[in-house]
Amino acid sequence: MSQSCWHRGDRGVQPDRLVQTHCCFCGQQCGIQLKVKDNEVIGFEPWEEFPFNQGMLCPKGVKRYLQGSHPDRLISAFRRDPGAPGGFSSLDYDEAIRQVADGIGRIQAAHGNAAFAVLSGASLTTEKTYLMGKFARVCLKTPYIDYNGRLCMVSAAAGNKKAFGIDRAANPWSDILGAGVVWISGANVAECAPITTNYVWQARENGAKVIVVDPRITPLARTCDLFLPIKPGRDVALFNGILQLMIENDWLDHAFIDAHTVGFESLAESVRGWTPSRTAEVTGIAEREIRKAAEWWGTAKASFLLHARGIEHHSHGVQNVLGAINIVLASGRIGRENCGYATITGQANGQGGREHGQKCDQLPGARDLANPEHRAHVAKVWGVSPDELPQPGVDAYEIFRKIDRGEIRGLLSICFNPLVSLPDNNFVARMLDKVDFYVAIDFFLNDTAHHADIVLPGSLHEEDEGTMTQIEGRVIKINQAVNPPGDARQDWRIIQDLAAALGRPHGFTFAHPREIFEELRRASQGGIADYSGITWEKIEQRHGIFWPCPSEDHPGTPRLFEPASHNPIAKGAGPFYFPDGKARFNIAEYTAPTEDVDAEFPVILTTGRVVSHFLSGTQTRRIGPLGDQYPEPRVEIHPQLAARLGILDGDWTAVTSRRGEITVRAQVVKTIRPDTVFVPYHWAGAKSVNQVTISAQDPISKIPEYKVCAVRLSKAARPPEYAGQLERQQ
Ligand code: SF4
């Protein structure tokens, strides 16, 4: 849907007030001031004092205010009703809560507590993500909760924990500005993290050389100093080849390696075979360019390495991340000014949403659900016995496999749209029809919620208060601008209403999100993600506080791994979060993608985002100007491949894999490798490229391999869902 709505702001209505808050979309969490009239957001003003974006916004941030009064906004509960228009009829909120509690109780009584699962979201405030983890473990007593960050941040998180012992950007973005080399791998920065572009360009103006590694000449790559057009799925080979050249040329920081790391000797042995010629052969990058990149990186005085889903969405995503970290550690350029490393967070609360217990194996404070000491600490805060807490569950995709096996019979999702965002989603659709009872909480009827038995109307970002943690590790404050309309409720209230209706209200009687945050502070105290010294007032006074922050008089920790920075694990032994204070080099093994090309499926498909849309498109497909900018998915094809297949720009083209097919228009561009095609994934149903992608997962992080599968292409007829369009767009 691309319907926009008429806003009073469009007609020059003066606002009653400005509310300082943050954008609802990506992990950069740009500061913004919402213009509010009565109970409606009617526009925005830049918030120039917020240091990260200094008033700048991308197209999504500029248009975000248009969603609030959209006619699709859910303002009542609904129940599935095949006889009703649209398949649903509205339902009194209290009755809906009763029916959901009955459904959960029925399934758990018949099949056990573990027969009910929860899928949560990383767009929620940290208070809500904390409550969701607690709700699953304490109220529902099920091990099965996971979240949609499983599709986003988990490879980076696992790699960071293995190497550094902590999962957070090592540096504030201000350190990018003074870097001599900025290395960007697998990140379409200008479209997916637009404000970061400004940091990279400022660094370049200050003299930095910018290296971009990507299968596509992304907008940022068009202004970089060295572009490495890597074949999808070969990143670890490149990092190993770079490290081998650093070793050969002695571009190493021996003092740092000796004092602050372990494992370098065995790593060096493991990369010995990654000669420039072998690296070039595997990656598809010219040998001289590999040598140039290694020299620039190896001899830099200050540097910053950024990566994102391009290297993480793989069945060996963690190995790719470890390969990247290895070249950072070998250079010794981390833990000091202008020398840094970070992954670029995707979702709004992609950082905070992965710290406080909605992951399948995690408790608040980035604690480990399997660790007896960690269980005891959190159980005490929650007023339950540690023995009552379930053991770790399974990842989001495995929850659907458990539905297939009949082990999970009921499902509750909140702000998660797996029918669009999970790979091989025809399987997901079958599982949504198979599950006995499915409840969706959201503010729009998202594509997955169309399969729900009951839909509960949740809250938009601007309808609630709480914290999020943005891309740098800075905890920020979301402020409420308007009240939820009609019967819609703030999500934490819905969860507590369910706990009460289930007769299990213990621990779910918070009167305000601030009370949830105060409990979260205690639950995180002493953990790696320690928020105990953060207060809402402190956040607002200082434009955010970087965790860890272990006491109220602590200023927070913008840059990790500095000699004197807070570290509850090393306790003074060294800068990294292991008992000996040393970082770990990890051997990063190269393996080919799970499904490589062959004679039947000879082209690599890679997927990603465009600047106008966000993730599964639940919001941005409803914001008219964004939909108009990029109304439907297209397949990017290099002219050489297009010519070989007889495909012209604008032709309908079928992209077929072993799992499914999508028919979209061809966009013939020179900015992609000739052996690779690209389709963005923001659409549902017949327009969803995730019908085609593969459900192979990384064995450690369980992230799906969205960035590589094998397809074939052919000219096709216009599909029925595009009826009314001309055969070829001019
Ligand atoms: S989508 Fe991201 S970059 Fe764009 S305005 Fe929002 S937070 Fe900023």
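Author: The expected span of a helix is 1.5 Å times one less than its number of residues, where helices (H or I, at least four residues) and strands (E, at least two) are DSSP runs, numbered from the N terminus. This is a predicted model, in which local features need pLDDT of at least 70, side-chain atom pairs count only at pLDDT 80 or more, and totals for chains, interfaces and linings use all residues. Residues are numbered from 1 along each chain as its sequence is written, and side-chain values use heavy atoms, with hydrogens and water left out.

Reader: What span should helix α11 have, and how far apart are its end C-alpha atoms?

Author: Helix α11 (residues 287-299) has 13 residues and so, at 1.5 Å a residue, should span 18 Å, which agrees with end C-alpha atoms 18 Å apart.

Reader: Which residues of α11 are buried?

Author: Buried means under 20% relative accessible area, exposed over 50%, and partly exposed in between (1.4 Å probe, protein chains only). In α11 the buried residues are E289, I290, A293, A294, W296, W297 and G298.

Reader: Which residues surround the ligand?

Author: A residue counts as near a molecule if one of its heavy atoms lies within 4 Å of it. Around the ligand are C23, F25, C26, Q28, Q29, C30, L57, C58, K60, G61, P194 and I195, with α1 (59-63) and α6 (194-205) each supplying at least two residues of this shell.

Reader: How does the shell around the ligand divide by class?

Author: Ala, Val, Leu, Ile, Met, Phe, Trp, Tyr, Cys and Pro count as nonpolar, Asp, Glu, Lys and Arg as charged, and the others, Gly among them, as polar. The shell around the ligand has eight nonpolar, three polar and one charged residues.
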